[in-house]
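Please keep the sequence and the model in view while reading.

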Amino acid sequence: MQAIESFEVPAPPKVNYINAQYGLKSWLLTKDHKRIALLYLGSITFFFFIGGIYALMIRLELLTPQGDFLQSTTYNKVFTQHGIIMIFFFLIPSIPATLGNFLIPMMIGAKDLAFPRINLLSWYIYLLGGVITIYALLAGGVDTGWTFYTPYSTTFSNSYVVAAGLGIFINGFSSILTGLNFIVTIHTMRAPGMTWFRMPLFLWSHYATSLIMILGTPVIAITVLLLAFERVAKVGIFNPAMGGDPILFQHLFWFYSHPAVYIMILPSMGVISELIANFSRKNIFGYSFVAFSSLAIAVFGFLVWGHHLFVTSQSVYAGMIFSFLSFAVAIPSAIKVFNWTATLYKSSISYDTPMLYALGFIGLFTVGGMTGLFLASLATDVHLSDTYFVVAHFHYIMVGGALMGYLGGLHYWWPKITGRMYPEGWGRFSALVIFVGFNLTFLPQFVAGYLGMPRRYHAYPPEFQVFNVLSTAGASILGFGMLIPAIYFVWSMRYGRHAEANPWHLPGLEWRTQSPPPTENFEVTPVVTWDAYEFAPREETEIVGKFGPELEGI
Amino acid sequence: MEQQREAGTLGMWIFLVTEIMFFGGMFLAYALYRTTFPAAFASGSNHLDIYLGAVNTGVLILSSFTMAMAVYFTQVGNRRPQIFCLALTLLLGLTFLGIKAVEYHQKYEDHLIPGHLIPGNPFDPEVQEEGRPLDHHKLHLLTGATVAQVEMFYWIYFAMTGMHALHMIIGAGLLTFLLIYSLKGRFDPEYHSPVEVIGLYWHFVDIVWIFLFPLLYLLGRHYH
């Protein structure tokens with residue numbers, strides 16, 4: 001075992017990837033994975049903001065039982081657009097395209113991804129898809145729900161389905177190229193000594209995510225393409241009036257869109273594995289179990305899409321198999337949760353902001369996962385299908401899981417990305433506000449849904465009002481909590497304390513180069529002789545925790 | 001350099017996996033409707049020109065051979081046959097597209113373009129009511145098949161072969177790029193990964209056709 005202190009960290013750098021070149025052109029034509037990660041960070045934050053505004057409008061409308069703030073048609077568009085923006089333009093690219101892009105080459109000791117130009121191309125494709133989708137929103141909006149179910153979307157809807165579909169189709173290629181780049185990079189670019197089982201778990205989860213991206217995304221591409229053709233040319237693979245089968249659309253759609261949930265959650269799990277191990281300063285419990293559970297989730301994730309079709313004409317026997325497989329996918333997820341918890345046992349935990357997000361993730365993801373089992377059971381799903389119970393369930397996974405991981409990871413690697421520390425006091429405060437606000441928003445929705453409140457309506461019976469008032473209050477707190485990091489991250493880029501190369505005193509490769517890193521990441525190609533979470537003996541590392549960033553700004 | 005070549009080849013293989021999934025969606029739709037409307041699919045299938053389809057299959061297999069030879073001659077650094085093989089591959093690819101265009105035109109003549117893909121909606125029942133005989137499609141409808149179901153077959157036919165033709169057009173563009181670069185003498189035994197990688201793509205597009213030809217043209221020729 002090697003002590004951390006034995007690694008020489010170069011003195012504070014003069015030249016890094018941010019100040020190596022100046023000017024707009026140096027950013028827009030960059031091939032540096034770190035700069036592309038920042039381009040993605042900016043653009044997905046923009047989309048997150050738009051999606052957030054829609055969320056706010058939904059919650060405002062649902063404050064009262066009557067449809068007074070929004071008309072029913074407007075409301076349909078608002079929840080559709082909230083879903084499309086948040087899923088395709090925020091959650092799916094969030095961690096892979098920013099943190100993954102930035103960190104994968106650094107964690108394996110490479111200079112860049114395998115295909116830097118394709119990496120830049122993927123950002124432009126993402127932007128193009130985004131611009132077309134925003135055009136669809138501004139021109140008149142989409143009201144089909146983010147699921148685009150046929151035949152409503154092909155025949156009856158009078159909204160901009162084709163434009164939105166085209167945006168998603170194009171955006172899919174950005175996802176495919178990112179996944180392809182990651183897989184090839186992890187296969188061919190690892191530094192000497194960086195064997196597969198020395199890789200940080202962040203990389204395993206991104207490898208599994210990339211597998212889903214390359215196997216699933218093409219299917220949604222052809223599905224949306226056929227849907228657009230069907231709408232324009234009045235041909236009918238999905239149209240029952242022409243002998244087509246709308247359930248085929250649902251099968252094809254969910255073949256991608258269920259695994260897409262794992263595109264959102266797996267990278268987040270990778271971040272959490274890093275945070276849990278590093279902030280408890282202990283080797284992760286059962287490294288290979290956590291690593292292979294990522295792959296298992298990717299594989300099982302492809303076999304459970306039918307649980308979205310329990311209330312369609314899908315055969316009962318198919319339903320039983322899908323139900324069983326959906327239960328099976330809970331096993332690798334539970335392995336992760338148990339191993340994280342076991343890692344915490346008798347470790348030296350420091351409650352810095354990233355760790356608060358990680359602990360929040362474990363709790364919220366567990367709630368989200370357990371309520372998923374209610375929906376995976378055939379009988380209970382008939383009762384709960386299309387109620388607020390479903391809405392609460394997947395928000396616990398996507399916001400409580402994916403978003404918590406994203407924010408935790410952003411705080412954790414912020415000193416590496418920008419070379420500045422965020423204000424720790426404000427960080428902890430906002431993490432708590434977000435946690436409270438999130439639970440207040442979505443916990444009441446479980447109850448409302450269980451009692452029968454359907455989703456996707458702008459008005460509801462008065463007896464559900466108490467839950468909706470709680471929910472809207474929670475959403476306000478959540479929104480407020482999100483604004484705090486948005487402000488102090490921007491603030492810290494200029495005024496934050498300078499970060500040293502290894503502010504958390506960790507063994508990972510990304511911490512063994514300056515902050516922010518030079519354009520080529522490492523002065524010399526590193527040679528790896530240690531395992532992923534090999535910490536120095538306890539007596540030498542007690543300094544951590546007290547060493548956390550100072551409480552600033554409070 | 002070796003690492004780059006390895007990365008390029010692996011990248012193309014992974015890309016081809018995504019292509020399989022992309023076409024897979026259409027193959028699934030084909031399988032579903034073929035089992036649902038076997039008579040209509042046989043009627044539609046029997047109307048396709050099996051000779052043109054067979055010739056095109058031969059053309060593509062030959063082009064795969066010339067592509068493989070082009071890769072070989074690039075690897076050993078024999079420039080003139082390399083250029084010759086690349087040019088021949090491009091020519092065969094364009095031949096395929098030409099024959100495909102002839103076939104599409106025949107379908108247009110027979111009013112077999114589904115839906116509103118072109119003006120006139122030839123499959124539309126309302127258009128048929130305007131005094132045109134039901135058999136203006138020149139289809140031999142087998143027992144149990146309806147015109148609407150045959151329309152479904154032709155929509156799947158155009159979707160699949162159209163998407164394949166689009167890949168052929170992209171492939172022809174890539175071959176043109178290879179040809180220009182090899183005329184400039186850019187490739188040698190040290191550096192030839194673009195030829196290999198684009199070769200992989202070309203073979204893949206051929207293989208898709210190898211599946212499309214029997215599924216669309218051959219199955220159901222003896223259907224009763």
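Are helix 13 of chain A and helix 14 of chain A roughly parallel or roughly antiparallel to each other? This is a predicted model, in which local features need pLDDT of at least 70 and side-chain atom pairs count only at pLDDT 80 or more, while totals for chains, interfaces and linings use all residues. Residues are numbered from 1 along each chain as its sequence is written, and chains are lettered from A and ligands numbered from 1 in the order in which they are written.

Two packed helices are described by the angle between their axes and the distance between the axes. Helices are DSSP runs of H or I with at least four residues, strands are runs of E with at least two, and both are numbered from the N terminus. Axes are lines fitted to C-alpha atoms, for helices over the stretch in contact, and angles run from 0 to 180 degrees between N-to-C directions. Helix 13 (residues 388–418) of chain A packs on helix 14 of chain A at an angle of about 170°, and their axes are 8 Å apart. Helix 13 of chain A and helix 14 of chain A are therefore roughly antiparallel to each other; angles over 145 degrees count as roughly antiparallel, under 35 as roughly parallel, 65 to 115 as roughly perpendicular and the rest as oblique. The crossing of helix 13 of chain A and helix 14 of chain A is left-handed, a term used if the near helix is turned anticlockwise from the far one by less than a right angle, and right-handed if clockwise. Among the residues making the contact are Tyr388(A), His395(A) and Val399(A) of helix 13 of chain A, and Phe438(A), Phe442(A) and Gln445(A) of helix 14 of chain A. Two residues are in contact if their C-beta atoms, placed from the backbone, lie within 7 Å. By class, this contact of helix 13 with helix 14 of chain A has 12 nonpolar, 6 polar and no charged residues. Ala, Val, Leu, Ile, Met, Phe, Trp, Tyr, Cys and Pro count as nonpolar, Asp, Glu, Lys and Arg as charged, and the others, Gly among them, as polar.

A second pair in chain A joins helix 2 (residues 33–61) and helix 15 (residues 465–495), at an angle of about 155° and with axes 9 Å apart. Helix 2 and helix 15 of chain A are therefore roughly antiparallel to each other, and their crossing is left-handed. Helix 2 of chain A contributes Gly52(A), Ala55(A), Leu56(A), Arg59(A) and Leu60(A) to the contact, and helix 15 of chain A contributes Ser471(A), Thr472(A), Ala475(A) and Gly479(A). These residues divide into 4 nonpolar, 4 polar and 1 charged.

Leaving aside neighbours within four places in sequence, Val78(A) is in contact with Tyr54(A), Met57(A), Ile58(A) and Leu70(A).

The largest nonpolar core has 227 residues, of which Ile108(A), Leu203(A), Met264(A), Ala358(A) and Ile156(B) touch the most other members. Such a core is a set of buried Ala, Val, Leu, Ile, Met, Phe, Trp, Tyr and Cys residues joined through C-beta atoms within 7 Å.

Between the chains, 27 residues of chain A are in contact with 26 residues of chain B. Helix 7 of chain A gives the most to the side that touches chain B, with 9 residues. Chain B itself has 7 helices and 0 strands, and buried residues make up 39% of its 224 residues.

Lys346(A), in the loop between helix 10 (316–344) and helix 11 (353–376) of chain A, has a positive phi near 55° and counts as exposed, with 9 C-beta neighbours inside 10 Å.

Definitions and conventions:
Buried ≥ 20, exposed ≤ 12 C-beta atoms within 10 Å, placed from the backbone.
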